[in-house]
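Student: I'd like to learn how to read a model like this one. Can we go through it together?
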Amino acid sequence: MKDIVIEPWLVDETTHEFFIPEYIIQLAEEVLKNYDLSVQNMQIVTTKPDKGGAIWKLETKSGPKSLKLLHRRPTRSLFSLGAQEYLVEVRKARVPPIVKTKDEKSYVEAGGKLWFVAEWIEPLTPVTKDLEGARKLCYALGEFHRLSKGYVPPKQAEMASRLHKWPKNYEKMITKMSWFRNIAKYYPEMPASPPLLEVVDRFEEQARKGRERFLQSSYVEFVKQGTAHWGLVHQDYGWSNGQMGADGMWIIDLDGVAFDLPIRDLRKLISGTMADLYKWDATWVREMILAYHEANPITPELYELLMIDLAMPNEFYKNMKEVVYEPEIFLNEQTAQLIQTIVETDQSKWPVLAEIENDWKGVG
Amino acid sequence: MRILMVCTEKLPVPPLLGGAIQTYISGILPHVSQFHDITVLGISDSSLPEQETIHGVHYVRVPGKIFEIYRENVVRYVEANKFDLIHIFNRPRLVLPIRQAAPDAKMTLSMHNDMFQPEKIDPEEATAAIAEVAYIVTVSDYIGNVIRCLYPQASPKLRTIYSGVDSERFLPGNHPKMQKIRNDIRRAHGLENKTVILFAGRLSRNKGVDKLILALPELAKKFKNLALVIVGSNWFSENDITDYVAYVRALAKRMPVPVVTTGFVPPNEIQNWFAAADLFVCTSQWQEPLARVHYEAMAAGLPIVTTARGGNPEVIFANENGLIVENPEDPSDFANKIAQILSDQSLMRRMGEKGRQLAISIYHWERVASELLEVWEQAEKTEQAVVSEEQAAGMTIEPLKEDATEQLNRPTPKADAKEKVHSKKNAAASSDKTKKGKTKKERAISMEDHQQTAKQKEAAAERTELAKSAPAPKQPQTGRHIKPFTIASGNQQTLDASPKTHLNRKLAQAKHDTKHFTIASSH
């Protein structure tokens with residue numbers, strides 16, 4: 001068993017929904033031998049076949065637990081596990097406590113990956129898909145960011161920081177706009193190519209303007225304050241990874257945490273929520289920012305960066321990224337329709353951003 | 001000297017998986033190992049033993065891949081073994097941990113990339129690292145200038161040593177050894193009767209091969225029978241499809257010119273693709289340090305089209321061995337330059353010949369090795385200048401220190417006597433008469449020079465009193481610099497090491513004052 005290396009696996013129509021190769025299931029059982037748990041039932045709840053990750057729910061005599069096979073490099077996983085431990089033990093944050101092995105370790109290494117067991121929090125219910133739910137999500141996010149400050153990764157862990165990567169991300173977005181254009185140009189017969197060509201200039205222009213504003217912003221000053229000052233971002237925070245428990249909001253699935261400016265999580269949550277609404281709504285955006293601000297205060301300079309980031313063509317970019325893989329499939333009627341929807345939603349964004357632009361003037 | 005060469009944590013040496021730094025190290029080892037006892041410390045690989053000695057070079061391999069893990073292993077090794085000089089490749093962040101583990105070793109650093117940028121190394125750590133090393137060797141003037149801009153105090157320590165290529169392995173397609181290979185490759189890939197444009201490198205946004213692909217429709221209008229060959233995978237041996245690779249493929253599919261993509265080619269076969277080509281294009285969009293493919297293309301007798309980015313233009317003599325694209329973001333700029341060469345057969349031939357000639361006369365490994373040997377020898381002599389730089393960083397207005405810095409900058413007579421390739425101009429001037437690397441006998445003479453220097457040192461030591469009349473130097477801040485990089489596994493050692501280092505510094509300080517007067521008196 002020792003030389004086994006966990007690899008991503010194939011799923012197709014012959015496999016069931018949560019298929020996991022047998023050798024990984026055997027490894028999971030080996031891993032559990034390191035714990036003082038009497039497991040009565042073990043059920044797979046999520047898989048990441050393309051990366052080689054999985055989550056099981058365990059029923060044990062000491063209550064429900066989760067067993068996770070982390071798909072990232074072990075050193076990267078160490079960073080996240082350290083963060084989870086810090087948040088629970090030092091900051092008393094509402095994130096699932098890690099269950100220790102028999103010899104008091106936080107994880108087990110097997111198959112070239114890290115595995116760990118955490119408490120399965122019950123009950124957990126998603127917040128309602130309304131403004132009140134959004135406020136709760138945002139407040140919990142702010143709290144998470146505030147409590148994550150001061151985290152020092154374990155010595156063996158790989159440093160996970162995106163703090164310095166903002167300029168490159170903006171550059172990349174601009175570059176990729178030209179990729180979208182070129183693909184549409186060289187695949188003119190596809191249904192989504194003409195609409196894509198029609199709108200790509202506009203989104204590229206938005207990205208360029210955003211980058212200009214970004215270069216004038218306080219970003220450089222922010223970066224100088226270092227990772228410890230800003231704390232961690234979750235990177236995958238949304239309506240399922242923030243849920244209501246018995247005593248307040250819990251934040252789960254911390255595997256991807258990294259140092260960064262916290263408003264990146266908030267920006268993603270806002271723009272994603274507006275996309276779900278098919279329309280930008282000034283009240284929602286304001287309330288979401290305010291709820292966040294209550295838990296983790298936003299300075300006028302940080303607010304400005306949030307405004308800049310919200311103004312980037314994030315949704316267009318996110319949805320078109322796939323085009324490079326199989327243009328002959330991707331650029332179909334459905335994508336043509338999607339482009340239409342994105343353009344319409346985008347039109348409602350600008351009045352909203354203009355309206356709230358000056359909300360933070362004179363604050364702080 | 002007992003010398004330790006510390007590689008990066010990314011790829012193993014020898015360069016089984018390629019890599020410019022790994023190729024560089026392997027290229028110079030046969031030469032430098034004739035003069036020094038060399039140990040190469042690098043990362044482990046399943047196909048290589050943890051320790052071995054080949055042709056007198058000791059290889060030690062420790063787990064790496066992740067910088068933090070590698071750093072700890074390197075420190076552990078350095079603590080347990082003694083070296084006179086430690087040469088670190090491209091990892092300024094290893095300087096302080098290694099210094100802590102080896103307080104007495106002389107240190108030099110090679111820079112192949114912009115690793116001194118603030119997002120790669122904390123400025124405070126960078127300043128301290130620069131203070132600790134005697135010399136910083138860079139692969140191009142570009143890399144040196146970036147360091148100079150960020151850290152002016154590094155200036156006297158910087159020295160460009162252009163890389164090299166094995167001209168016996170990289171040969172023109174019409175060379176007797178290559179004719180069959182060239183024909184076989186061309187036949188196997190449908191490239192017979194085609195003019196083959198070659199790109200070799202990582203498939204990434206930075207390297208920009210997409211711009212070359214987008215230049216093809218324009219070129220296809222002017223020239224018949226063109227083909228583009230793209231050699232390389234997105235990241236060394238991994239053939240993962242990144243979004244960039246997917247983009248390049250999607251474009252290539254729709255081009256009026258055949259585009260052959262090879263995927264990863266093992267480093268020991270790559271010369272065959274150069275021999276099969278007719279023109280080499282480097283499309284770098286980023287500030288490239290200086291891509292080693294230029295040397296390989298020159299050796300293979302290919303005219304080069306490259307970009308005005310980073311150090312790339314430093315090896316191009318306009319209209320002699322290639323042309324430079326000023327706006328690499330614009331595909332038609334590539335189309336123009338390529339067309340210029342392709343439309344003039346005699347220019348194309350001359351450029352190829354010039355490239356080959358440059359590769360043979362200048363860009364050979366012996367020259368690289370001999371320049372590095374000089375750096376090491378000078379590092380040995382200027383040992384204590386390390387401390388002076390550290391102080392210089394801390395007290396910029398002290399006139400003595402500024403003078404000292406200038407003096408260090410001045411080449412010693414010995415260095416002057418040798419032919420060096422510091423810049424394009426020098427390279428051109430020396431290209432016709434560059435000799436083969438020095439013989440052992442000549443090296444022995446250099447060693448005598450060292451003894452001479454030692455005597456001078458002794459003589460100068462008597463004048464230390466004079467030095468004391470100079471303005472009192474500030475206390476070196478080594479303790480503070482070293483502290484944050486304590487490696488926990490060596491706790492015991494660390495507690496002792498700190499004051500010891502401090503004492504060494506004081507001793508060094510006395511020597512260093514002496515040293516300055518030595519130099520001054522010799523001018």
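Student: Over residues 35–169 of chain B, how much of the chain is helix and how much is strand?

Tutor: First, this is a predicted model, where local features need pLDDT of at least 70, side-chain atom pairs count only at pLDDT 80 or more, and totals for chains, interfaces and linings use all residues. Residues are numbered from 1 along each chain as its sequence is written, chains are lettered from A in the order in which they are written, and side-chain values use heavy atoms, without hydrogens and water. Helices (H or I, at least four residues) and strands (E, at least two) are DSSP runs, numbered from the N terminus. Residues 35–169 of chain B are 30% helix and 26% strand, with the end C-alpha atoms 25 Å apart.

Student: How many helices and strands are there in chain B?

Tutor: Chain B has 21 helices and 14 strands.

Student: What percentage of chain B counts as buried?

Tutor: Buried means under 20% relative accessible area (1.4 Å probe, protein chains only). Of the 523 residues in chain B, 58% qualify.

Student: And which domains does chain A have?

Tutor: Domain bounds come from an automatic or database domain assignment. For chain A that gives domain 1 (22–122) and domain 2 (131–356).

Student: How many residues of each are in contact?

Tutor: Contact means heavy atoms within 4.5 Å. In chain A, 22 residues of domain 1 are in contact with 30 residues of domain 2.

Student: What area do domain 1 and domain 2 of chain A bury between them?

Tutor: Buried area is the accessible area (1.4 Å probe) that two parts lose on being put together, summed over both. Here domain 1 and domain 2 of chain A bury about 2200 Å², with 61% of it on carbon and sulfur atoms.

Notes
Buried means under 20% relative accessible area, exposed over 50%, partly exposed in between (1.4 Å probe, protein chains only).
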